[in-house]
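Please read this briefing with the structure open beside it. The points are grouped by topic, and each can be checked by selecting the residues named.

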Amino acid sequence: MKKLTTLMITAIFILSAPSLHAFNSAQLAALKKTSSCTYCDLSDAKLKKADLSNAKLRGAYLTHADLNEADLMAADLSDAKLHGAYLNSARLSNANLKGADLSGAKLEGANLSTAELTGANMRNAILDNANLHGANLSNADLSGVNLSNAKMHGANLNGAKLEGANLNNTDLSGADLTNATWIDRSKCKEGSLGECKK
């Protein structure tokens with residue numbers, strides 16, 4: 001009986017405790033009002049189709065947030081935590097994602113053209129059919145990333161890590177692959193343009 005009572009009390013405590021990953025509703029309201037929420041907690045927030053163009057979200061926690069089809073054009077997402085975020089068909093052109101954690105993020109059909117992604121962690125992200133035309137991905141960690149059918153014409157992949165990445169039908173024409181780590185772990189030589197010269 002004592003064990004059953006203890007189990008019931010534990011269950012009630014767990015079910016009534018606030019989620020450790022729940023977003024801060026006051027900060028979400030502030031973002032919607034001012035388009036600014038630096039270093040705030042928006043984990044798991046429902047922002048599908050939200051207009052966040054030019055928003056200031058530097059260092060924000062957006063882990064597992066629903067940003068599908070959101071407009072994040074020219075938004076400042078530098079150092080943001082976007083681990084496991086849903087960004088399918090999101091508009092991220094000209095966005096600042098420098099140093100952002102996009103590991104495990106879903107970016108299918110997303111537009112990241114001319115986005116700044118220097119030093120971003122995109123390990124195991126899904127970028128199938130994404131538009132990365134002219135994006136700056138220098139030193140980005142793209143290990144194991146699904147880049148199949150992605151448009152990466154003219155992208156800066158200087159020093160990027162592409163080990164184990166899926167590059168099936170990926171358009172790399174004009175992309176700078178100097179010093180990039182190729183899918184087979186080999187290093188691309190200086191002057192690798194559109195293809196990895198070993």
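Ser93 counts as buried because its relative accessibility is 9%, under the 20% limit. Ser93 is placed in the segment after H2. The model is a predicted one.

- Leaving out residues up to four places away in sequence, Ser93 touches Met73, Ala74, Asn111, Leu112, Ser113 and Thr114.
- Ala155 also lies in the segment after H2.
- Ala155 has a relative accessibility of 1%, so this residue counts as buried.
- When neighbours within four places in sequence are set aside, Ala155 is in contact with Leu132, Gly134, Ala135, Leu137, Ala175 and Asp176.
- Gly134, one of these contacts, is 21 residues away from Ala155 along the chain, yet their C-alpha atoms are separated by 4.1 Å.

**The protein as a whole**

- The protein contains two helices and zero strands.
- It has 198 residues, and 44% of them count as buried.
- The accessible surface is about 9900 Å², and carbon and sulfur atoms account for 52% of that area.
- What share of the contacts between residues at least 6 apart in sequence join residues at least 24 apart? The share is 0%.

**The nonpolar core**

- In soluble globular proteins, nonpolar side chains tend to be buried together.
- The largest nonpolar core of this model has 62 residues.
- Which members of this core touch the most other members? They are Leu107, Leu117, Met122, Leu132 and Leu137.
- Leu117, one of those five, has contacts beyond its neighbours within four places in sequence, including Leu97, Leu102, Leu112, Met122, Leu132 and Leu137.
- The contacts of Leu117 also include Ala135, Asn136, Ser138 and Ala140.

**Salt bridges**

- Side chains of opposite charge can pair when their charged atoms come close.
- How many salt bridges are counted in the model? The count is four, and three of them are described here, among them the pair of Arg58 and Asp79.
- Arg58 forms a salt bridge with Asp79, with 3.3 Å between the closest N and O atoms. The two residues are 21 residues apart, and each is in the segment after H2.
- Arg58 has a relative accessible area of 34%, so it is partly exposed. Asp79 is partly exposed as well, because its relative accessibility is 27%.
- Glu163 and Arg185 meet through their side chains in a salt bridge, at 3.0 Å from N to O. Both lie in the segment after H2, so this pair ties together parts that are 22 residues apart in sequence.
- Asp184 counts as partly exposed, because its relative accessibility is 44%.

**Aromatic rings**

- The number of aromatic pairs is zero.
- Two tyrosine rings do have a lysine over them, as the pairs of Lys81 with Tyr61 and Lys106 with Tyr86 show.
- The charged end of Lys81 is 5.8 Å from the centre of the Tyr61 ring.
- Lys106 is over the face of Tyr86, and the distance to the ring centre is 5.1 Å.

**Positive phi angles**

- Most residues other than glycine have a negative phi.
- Ser35 has a positive phi, near 60°, and is not a glycine. Its place is in the segment after helix H2, which covers 25-34.
- Ser35 counts as partly exposed, because its relative accessibility is 28%.
- Asn94 is another residue other than glycine with a positive phi, here near 65°. Asn94 belongs to the segment after H2.
- Is Asn94 buried or partly exposed? Asn94 has a relative accessible area of 49%, so it is partly exposed.

Technical notes
Residues numbered from 1 in each chain as written. Predicted model: local features only at pLDDT ≥ 70, side-chain atom pairs only at ≥ 80, totals over all residues. Heavy atoms only, no water. Helix = DSSP H or I, 4+ residues; strand = E, 2+ residues; numbered from the N terminus. Buried < 20%, exposed > 50% of the residue type's maximum accessible area, 1.4 Å probe, protein only. Contact = heavy atoms within 4.5 Å. Areas by Shrake-Rupley, 256 points an atom, 1.4 Å probe, with all protein chains shown as cover. Core = buried A, V, L, I, M, F, W, Y, C linked by side-chain atoms within 4.5 Å. Phe/Tyr/Trp six-rings, centres within 6.5 Å; stacked < 30°, edge-to-face > 60°. Lys NZ or Arg CZ within 6 Å of the ring centre and 35° of its normal.
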